[in-house]
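Colleague: I'm new to this one. Could you walk me through how to read it?

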Amino acid sequence: MRVLVTGATGYVGRAVVRELQVQGHEPVLSRQRLSEPFHSITADAVIHLAGAARVRESFEDPLSYYETNVGGTLNLLKALEGQRFLLASTAGVYRPSDSPLTEESVREPSSPYAATKAAAEDLVAWAARSGRIGATTLRLFNVAGGGDTDTSRVITRAVACAAGTVPGMEVYGDGMAVRDFVHVRDVAAAFVVALEACSVGTSSVYNVGATSASVRDVLDAVSEVTGRSVDVTWKPAHPGEVRFQRADVSRLRALAGSRVARG
């Protein structure tokens, strides 16, 4: 398939482009701003990765987040008719739970960023229900792996601290908050598997996660692997901080398994 990829030069985007090529698809890099109306898109599918994605920043400027993440998705959908559309969403749309989160878990966004992703999810689902597109939403948990330069992410920051390229890191709370981490190459593979399964008139949602670990687990692992300590400044937990966020990925594993079975 010929696949238009928004956000193709980003961390996840680069991995998705490589995986599309490996699997015999033709990625087309979108260089158009999401705020601009799109002309008719002739690609077979769109993988929509571009957007504003900093949780704390979204509290300071929620309007721009809605304009980019919801308005940009709308601009893309207006240019589509009969194609497949894959949306990168976030685990932040879920209500916190001590149990692993399934795709049917209650959505309760805790930030403007997550709220814009939930709104974009609804938008593409309704577009699919109308028969205009085929829609698949992938709710990404914490993406990690080599080549990441965003030191706001916990693993990247901890490694950079150990390497001495950043002065230190701040941890809010006791470090026992648990998150689900997934390698960027596995995220890319998930997008391609979901792309090939998507069909017009249908709408699907998949969690994309892999391994649960606490912040302290991450710090200990980085110290063990590098042989260097991580300089941490401990701060009070943010009010309402999510303590546990773990993914149930059985639906995605079943999809990937059916693809292997088909050969």
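Predicted model: local features only at pLDDT ≥ 70, side-chain atom pairs only at ≥ 80, totals over all residues.

Colleague: How many helices and strands does the chain have?

Modeller: There are eight helices, along with 11 strands.

Colleague: And how do I judge the overall shape?

Modeller: Start with the extents: the C-alpha trace spans about 50 × 45 × 35 Å along its principal axes. Then try the radius of gyration. A compact globule of 263 residues would come out near 18 Å, and the chain has 19 Å, so the two agree.

Colleague: What share of the residues is buried?

Modeller: Buried residues are 46% of the 263. As for contacts with a separation of 6 or more, 81% of them join residues 24 or more positions apart.

Colleague: What about the surface and the charges?

Modeller: The accessible surface is about 12,900 Å², and carbon and sulfur atoms hold 51% of that. On charges, you'll find 28 positive and 28 negative side chains, with the centres of the two sets 3 Å apart.

Colleague: Now for a single residue. Where does Arg139 sit?

Modeller: Look in strand β5, which covers residues 134-140.

Colleague: Is Arg139 buried or exposed?

Modeller: The cut-off for buried is under 20% relative accessible area. Arg139 has 4%, so this residue counts as buried.

Colleague: Which side chain makes a polar contact with that of Arg139?

Modeller: That's Glu121, at 2.7 Å. Leaving out residues up to four places away in sequence, Arg139 also touches others, including Glu103, Arg107, Tyr94 and Tyr206.

Methods. Residues numbered from 1 in each chain as written. Heavy atoms only, no water. Helix = DSSP H or I, 4+ residues; strand = E, 2+ residues; numbered from the N terminus. Rg over C-alpha atoms; globule rule 2.2 N^0.38 Å. Buried < 20%, exposed > 50% of the residue type's maximum accessible area, 1.4 Å probe, protein only. Contact = heavy atoms within 4.5 Å. Areas by Shrake-Rupley, 256 points an atom, 1.4 Å probe, with all protein chains shown as cover. Lys, Arg positive; Asp, Glu negative; His and termini not counted. Charge placed at Lys NZ, Arg CZ, Asp CG, Glu CD. Polar contact = N/O pair within 3.5 Å; in protein donor to acceptor, adjacent residues only side chain to side chain.
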